Each structure stands twice: as structure tokens, then as C-alpha cells.
Amino acid sequence: MEEKVLIAKYGEVAMRGNNFAMFISQLVATIRKNLREEGEFYVVKEQGRLVIESRGGEMDYDRLIPKVEPIFGLVGLCPGVKTIDQSIETLCQVSLHHMQELFPTEKISFKVVAKRANKKYPLTSQEVATEVGGYLLERMPNLSVDVHHPDIILRVELRNDAYVYSKVIPTFGGLPMGSSGKAISLLSGGIDSPVATWMMAKRGVAVEGVYFHSPPYTSEWAKQKVEDLAERLSCFTGEFRLHVVPFTEVQLYLLDHVPHDKLTIFLKRAMMRTAQKIAEREKALALITGDSVGQVSSQTLQGLHAINAAVGGIPVLRPLAGMDKQEIVDMARKIGTFDISIRPYEDCCTIFVAKHPETRPKTSVIERIESRLTELDALLEKALEEAECIVKG
Ligand code: ATP
Ligand code: MG
């Protein structure tokens, strides 16, 4: 009996023992999560790949592939056929059905590559390839053999079960989640920070988000947007935790107590310090921001210096530092966060935005002013205590 499957290949990551087992179970969990709304599926472990099979329903590749494609750690997806019966006759028939379905009339060149994990199989890999190739050639006049530069390679793999496929859709790759430790990402509703978060997650960093929410100055829509971005990011990473920190009091206090043209710098410092506290609490080893050098007034090197000085020890990863806006936008489109980020919402108030913001703040001046803000620490503590954690995915 043959059955349509989706084969998900993972990278040959140098991992042993427990880590490897964790990586695989995390991949399985994320696949299951992403396919939750598409029906019931088995995810079967084979060497170097996971095989997705429907539990009785249809395999609708057009729906399934976009759901599995984003998952970090996977390097390619192959729509294919599985058969439990591995006799050469069955392999030939299954291959024929597969090729007839994909290339019914189109003139194409091909070659067959066979692989046996089961070395007791009566034929060698080469013999399997020759048998299958000959069988197809006799029955499909639109096919020709080209062993050097074929249009397609038909792969016949004999493992616990046998698999036949001819298409490998490359995916993002990346390292498995958590293999590089944990970081806290400052996630706003903008275009940049989701991309920055995605880039670090791709490097295997387990990311949690933190969003500073200032109602009524930032609306519920703005918060919803960040939650939806977190949901989208969870398609790549599995579960995504978002800490929402109420920041209205901090913001109003700063508005009252610091020079207006420097307000953004103080506000960002307050955000960074709070994010660092969350990192300590969650045992995370770095912060992530969506800063891109020169993009806005607070992202000049002087601005970044003054902001960064608020958090001494912890590394702050800024993967977009050297990217142009257009590059970031292209990436946001590719990963499916752009449309969420540009969703319009009513920003109720602009009292926090200076007309002429300071572009070259002096860190020493900022620190001197901040040392006189006697109530700031207590307000930050309070904000941290009142933070809520939302789990997405
Ligand atoms: P983004 O597109 O990510 O909003 P931006 O270009 O608008 O970035 P800024 O508003 O200066 O730049 O913010 C710089 C970085 O500070 C953001 O990328 C994000 O990491 C962080 N940040 C800004 N506002 C918030 C917020 N309300 N909550 C969490 N992080 C924030
Ligand atoms: Mg922003």
C-alpha cells in the first residue's frame, strides 16, 4: 500500500545524546503545533528526517508545506510517497505513480538515485536504481535519462519503510531552538524588532519577547499587534513567551522629569534596564533589539552608546545594525511579519515624541540627569512586578 507523505529533513547538526533527542522532540512538537488546524497527523522518526503522514485524511501539500516550511532546524521538505512493501515490483509501481502524477506529459530528463539503510536488501542501491529507471522509461515516453545534468532526481530510499520523492523544497535551515542559549528580545509592534528576533532565533537562540505597553497612550490594538507578531514568530520557534510590561507610569514620570529632547533616550534606557531584569529572572544571557544604525535619532552611535550604558554586563545583540530599511522590509515580507507590523492603529497621543530629538546625547550628561530621578527605580520595580506573561503557539 502506498501513501502520500511529507518528508522533513533536518540539518546534520553536530549534536549528541540528550541534546539531539531534545532537538528532535522539539521539532516534532513544533510540526504538530503548526499542523494543529490542518487535521490529524503522525510524525514518524526516520534517520535524518521526520515523516509526516495523515491519519486517514488527505495530504494537501499546498496547505501543509507553508505550515511546516518556517520551522528552524529543518533544511528541506519533500512531498513523496511511502510504501511498507519494499519489493522491487512495488518500488517500480510506486515510482511510476509518483512520476505520472508530477510529470504526466512534460518532457524531462531524470535519473534515479537509490539508497539502502537496510543492507540485507537483496539488490544493491545501483540495481534498484537501474530497475526503477528502466521500468519508468518503458512506460513514460516523455522521460529520458541524463545521469550528469538531469532535470529531476528521483530518490528511492529504503529505510524502515521505503520512500520515493523527486522534489526538495529548501527551507530556512538555522539551528535548533535553544541550542545557543536564551535571550530576551525587545519586541515593539514595528517592522524591525520582529525581524531581529527572527534572525537570532535562526541562530538557535531561544527567544522570549518583552513589550512595553503604555495605555492609554498606546492602544489595545498596538498590544494586539505585538501578540500577533509573537504568534507568527511561534511558527518558526515553537512556543513563544511574551512579557508585557505596563510602562505608563514610568513614561509619565520621565515626561515630567527629563529634558523633552532627550526623553526617548531615557525611555529606552528604562526599557533596557527592565529587559535586563527579566533576563536575569528568566536565566537569559543576552538582549536583542531591532536597532539599525542611523535609522532614527536614537539610533546614532551616540544614542546607542547612551542607551547601552544603562545595561553594563549583558550583551545586546543588534542583528539589524548594518542593514538598510529596504533589506529589513524585504526580510519582514519573507518571514510574514510585515503585514502585521504595518497594520494601522490609532496612536492616541504624541506627547512623548520630541519635535527635535537629541541626536548626539552625551552618556555622562544622561547619567547625571538620571541619577537625580529618585523615584525611577521604584517605578521600574513596580512595572516589573505587574508584568504579565502571554504564551503564544
Ligand atoms: P521597530 O520597528 O522594531 O519598532 P524602530 O525602528 O521603530 O524599531 P525604535 O522605536 O527606536 O526603532 O526602537 C528601537 C528598538 O527598541 C526596537 O527595535 C525594539 O527592539 C525596542 N523597542 C522600542 N519600543 C519598544 C516597546 N514599546 N516595547 C519593546 N521594545 C521596544
Ligand atoms: Mg518602533
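This is a predicted model: local features need pLDDT of at least 70, side-chain atom pairs count only at pLDDT 80 or more; totals for chains, interfaces and linings use all residues.
Across the whole structure, a search finds 28 salt bridges. One of them joins the side chains of K325 and D192, with a nitrogen-to-oxygen distance of 2.9 Å. The two partners belong to distant parts of the chain, since K325 is placed in helix α10, which covers residues 325-334, while D192 is placed in helix α5, which covers residues 192-202, and 133 residues separate them.

E208 is buried, its relative accessible area being 6%, and R241 is partly exposed, its relative accessible area being 25%.

The side chains of R318 and D291 likewise meet in a salt bridge, with a distance of 3.0 Å from N to O. Here the partners are found in loops: R318 in the loop between β14 (316-317) and α10, and D291 in the loop between β13 (286-288) and α9 (301-308), so that the pair, 27 residues apart, links distant parts of the chain. Both R318 and D291 are buried. Beyond individual pairs, salt bridges with shared partners join K182, E208, R241, R281 and E282 into one network.

Charged residues are also found in a surface patch. A patch of negative charge is formed on the surface by D85, E89, E127 and E131. Of these residues, E89 lies in helix α3, which covers residues 88-102. With a relative accessible area of 51%, E89 is exposed, because the cut-off for that class is over 50%.

Turning to the aromatic side chains, a search of the whole structure finds 10 aromatic pairs. In one of these, the ring centres of F172 and W198 are 5.2 Å apart and the ring planes stand at 80°, so the arrangement is edge-to-face. This pair links distant parts of the chain, with F172 in the loop between β9 (169-170) and β10 (182-186) and W198 in helix α5, 26 residues apart. F172 counts as partly exposed at 23% relative accessibility, while W198 counts as buried at 3%.

F172 also pairs with F236, and because the ring centres are 5.9 Å apart and the planes meet at 55°, this pair is tilted. F236 counts as buried, at 2% relative accessibility. Together with F72, the residues F172, W198 and F236 are linked by ring pairs into a cluster.

How values were computed. Residues are numbered from 1 along each chain as its sequence is written. Chains are lettered from A and ligands numbered from 1 in the order in which they are written. Side-chain values use heavy atoms; hydrogens and water are left out. A salt bridge is a side-chain nitrogen of Lys or Arg within 4 Å of a carboxyl oxygen of Asp or Glu. Helices (H or I, at least four residues) and strands (E, at least two) are DSSP runs, numbered from the N terminus. Buried means under 20% relative accessible area, exposed over 50%, partly exposed in between (1.4 Å probe, protein chains only). Patches are made of residues with over 30% relative accessible area and no salt bridge: like charges are joined within 9 Å, nonpolar side chains (Val, Leu, Ile, Met, Phe, Trp, Tyr) within 5 Å. Accessible areas come from the Shrake-Rupley method with a 1.4 Å probe; for residues, only the protein chains shown count as cover. Lys and Arg count as positive and Asp and Glu as negative; His and the chain ends are not counted. The place of a charge is taken as NZ of Lys, CZ of Arg, CG of Asp or CD of Glu. Rings of Phe, Tyr and Trp (its six-membered ring) pair if their centres lie within 6.5 Å; planes under 30 degrees apart count as stacked, over 60 as edge-to-face and the rest as tilted.
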